[in-house]
Amino acid sequence: MLSIKKNIPSILKILLIIGFGYFFWLMLKITLEYVPLDPNVSFLMIKQTEVHDRPEYLWFFYTHVYTSIFILLAGFLAILRKDFRLKNFHINAGKIYIFLILLFAAPSGIYMGIFANGGFLSKISFIILGSLWWFSTFKAYQLARQKKFKEHKQWMWRSFALTISALTLRIWKVIIVYLFHPNPMDVYQIIAWLGWVPNILLIEYLITKKHI
């Protein structure tokens, strides 16, 4: 029994890696739908007003989609805090994660939030999400520069909780549509908040309880 208890953290880590790997593969499939560039596929099919009326929208969209897949991977590898026998791997993965969010993914996400489906409630949620994503990532970067590594770690967890909203949003969408069959616009308003609010509340709880 004692041996089993000692192995529980390792088992949880393995399950976490397997779970992330599966959902990362799903996100990669979604990303590849936009290769090569085509404004008439998948999500863009319901954003034709923006595609035709705002030429910059596509560039913000592609910037967000193409960088987010690398951010997911780099963030997960950085959170694992392992170097995998490669010098400074954790540091370099963290740098890629922070650089892509601050300069590309968060600003483009905020812009896209202005035109989100689902009306005002969805728009304000995605704008807040993008702003918190940028801020939490910047704080993590700032604290690392100051060598305050405990606080850096906590802010990186906050940032990553917002990063994986790309995954949790889609999970909630499947659950809600399967169980309740709501109006599509209602779905957007619900998942716009469910995608990230529970994530950040969970992380704050873990930080408060000193688990992180």
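Q: What makes His152 and Phe160 of helix 6 count as buried in this predicted model?
A: The term applies to residues with under 20% relative accessible area. Among the residues of helix 6 that are buried are His152, Gln154, Met156, Arg158 and Ser159. Phe160, Ala161, Leu162 and Thr163 of helix 6 are buried as well.

Q: How do you know that the span of helix 6 agrees with its number of residues?
A: At 1.5 Å a residue, a helix of 15 residues should span 21 Å. The end C-alpha atoms of helix 6 lie 20 Å apart, and therefore the two values agree.

Q: Which residues lie nearest the centre of the second largest pocket?
A: They are Leu16, Phe76, Trp157, Phe160 and Ile164, out of 27 residues in the lining. This pocket has a volume of about 810 Å³. Helix 1 gives the largest share of its lining, with seven residues, and helix 6 is one of the elements that supply at least two.

Q: Why is the lining of the second largest pocket divided into nonpolar, polar and charged residues as it is?
A: Leu, Phe, Trp and Ile count as nonpolar, whereas Asp, Glu, Lys and Arg count as charged. On that basis the lining holds 20 nonpolar, four polar and three charged residues.

Q: What is the volume of the largest pocket, and which residues are closest to its centre?
A: The volume is about 1100 Å³. Of its 41 lining residues, Phe43, His64, Ala166, Leu169 and Arg170 are the closest to the centre. Elements that give two or more residues to this lining include helix 6 (149–163) and helix 7 (165–180). The lining comprises 28 nonpolar, ten polar and three charged residues.

Conventions. Residues are numbered from 1 along each chain as its sequence is written. This is a predicted model: local features need pLDDT of at least 70, side-chain atom pairs count only at pLDDT 80 or more; totals for chains, interfaces and linings use all residues. Side-chain values use heavy atoms; hydrogens and water are left out. On a 1 Å grid over the protein atoms alone, a cavity is a set of points where a 1.4 Å probe fits but cannot get out, and a pocket is an open set with protein on both sides within 12 Å along at least five of seven lines; lining residues have an atom within 4 Å of a point. Grid points are joined across faces, edges and corners, and a volume is the space filled by probe spheres set on the points. Helices (H or I, at least four residues) and strands (E, at least two) are DSSP runs, numbered from the N terminus. The expected span of a helix is 1.5 Å times one less than its number of residues. Buried means under 20% relative accessible area, exposed over 50%, partly exposed in between (1.4 Å probe, protein chains only).
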